[in-house]
Amino acid sequence: MEQVVLLDRPSPSVARLRINRPAKRNAIDHAVRQGFIDALGGLRGDPSVRALVLGGVDGVFSAGGDLPTMANLDHAQAEARMRHVHAVCRALAESGLSIVSALEGVVAGAAVGMALLGDHIVAGRRTQILFPFLRLGLAPDWGQLFTLRQRVSKVTAWRLVTSPAAVSGEQAFTIGLADQLVADDDIMNAAIIEALRLSQLPIEALRRTRERLTDPSRSLEDELAREVRDQAVCLTGSEFAEGYAAFMAKRAPDFLGIAAKERA
């Protein structure tokens with residue numbers, strides 16, 4: 001049986017997960033969700049992987065949730081489905097990896113939510129992003145009312161989720177929904193390059209930075225307290241030792257190298 005989630009390694013420090021249901025335009029069903037959960041669980045045990053690329057096969061990220069599998073559910077089944085969706089969300093959010101989403105072709109509904117769980121989004125001019133939830137009588141899920149608001153204003157988020165129109169890659173880049181706009185045939189390659197760049201950053205310092213940006217402090221005093229905790233760990237860690245040594249030697253820091261030495 002063909003796997004519906006493909007895992008490969010474009011570089012030693014970067015993994016890639018692609019939805020593999022081309023006949024369904026990579027629609028996300030239970031098997032796809034479980035495939036992501038299983039793959040991400042395996043990646044957690046591989047410290048050499050520091051970044052992840054999300055995408056789909058055949059030039060399509062995903063047409064979103066597989067609608068026929070969502071019909072005729074009773075209340076218990078609907079709740080079970082959402083718990084499974086949230087297991088994927090948590091697996092991505094808690095992976096500790098820098099995540100880059102390659103938005104090739106159509107990106108709809110659940111796929112938008114998946115992409116927004118990452119750190120960097122690459123789109124092309126012909127990328128089509130759709131928020132079909134309300135037209136289906138559903139509220140947005142996959143955590144995207146939270147993640148979307150981290151990228152755009154409340155007014156823009158409201159407009160996006162209530163409009164029937166697709167958002168082009170160019171529009172997404174203009175409003176901050178996408179971080180990078182490239183030629184359509186270069187989306188995946190650009191995503192891999194960005195993932196490789198992120199994989200070379202200091203992973204502990206990057207993790208702490210991400211946490212504080214995702215969950216902002218309520219006050220300056222709270223933020224200063226978090227800075228004390230984070231910087232005390234960073235200043236006494238191997239990443240700063242490497243960064244300082246590289247600065248003094250006027251060379252690029254090798255954070256991948258010190259990680260490999262620590263694993264040895």
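Helices here are DSSP runs of H or I at least four residues long, numbered from the N terminus. With that in hand, welcome to this protein, which is a predicted model.

**Overall build**
- For a chain of 264 residues, a compact globule would have a radius of gyration near 18 Å, and the 19 Å found for this protein agrees with that.
- The C-alpha trace spans about 60 × 45 × 40 Å along its principal axes.
- Of contacts between residues at least 6 apart in sequence, 68% join residues at least 24 apart.

- Buried residues make up 44% of the 264 in the protein.

**A covered strand: S3**
- Strand S3 takes in residues 51-56, and six of its six residues are buried.
- In a regular strand, side chains alternate between the two faces of the sheet.
- From S3, Ala51, Val53 and Gly55 point one way, while Leu52, Leu54 and Gly56 point the other way.
- Both of these groups are buried.
- S3 runs parallel to strand S2 (residues 14-19), and six bridges join the two.
- To find this pairing by eye, look for Leu17, which stands opposite Leu54 in S3.

**A three-stranded sheet**
- Strands S5, S7 and S8 form an open sheet in the order S5-S7-S8, with mixed pairing.
- S5 (106-108) and S8 (167-168) stand at the edges and have a single partner strand each, so one side of each lacks a neighbour in the sheet.
- S5 and S7 (residues 128-130) run parallel and are joined by three bridges.
- Within this pair, Val107 stands opposite Ile129 in S7.

- Tyr244 lies in helix H10, which covers residues 238-249.
- Its relative accessible area is 46%; because this falls between the 20% and 50% cut-offs, Tyr244 counts as partly exposed.
- Val161 is 83 residues from Tyr244 in sequence, and their C-alpha atoms are 46 Å apart in space.

How values were computed
Residues are numbered from 1 along each chain as its sequence is written. This is a predicted model: local features need pLDDT of at least 70, side-chain atom pairs count only at pLDDT 80 or more; totals for chains, interfaces and linings use all residues. Side-chain values use heavy atoms; hydrogens and water are left out. The radius of gyration is taken over C-alpha atoms; the globule rule is 2.2 Å times the number of residues to the power 0.38. Buried means under 20% relative accessible area, exposed over 50%, partly exposed in between (1.4 Å probe, protein chains only). Contact means heavy atoms within 4.5 Å. Two strands pair if DSSP finds at least two bridges between them.
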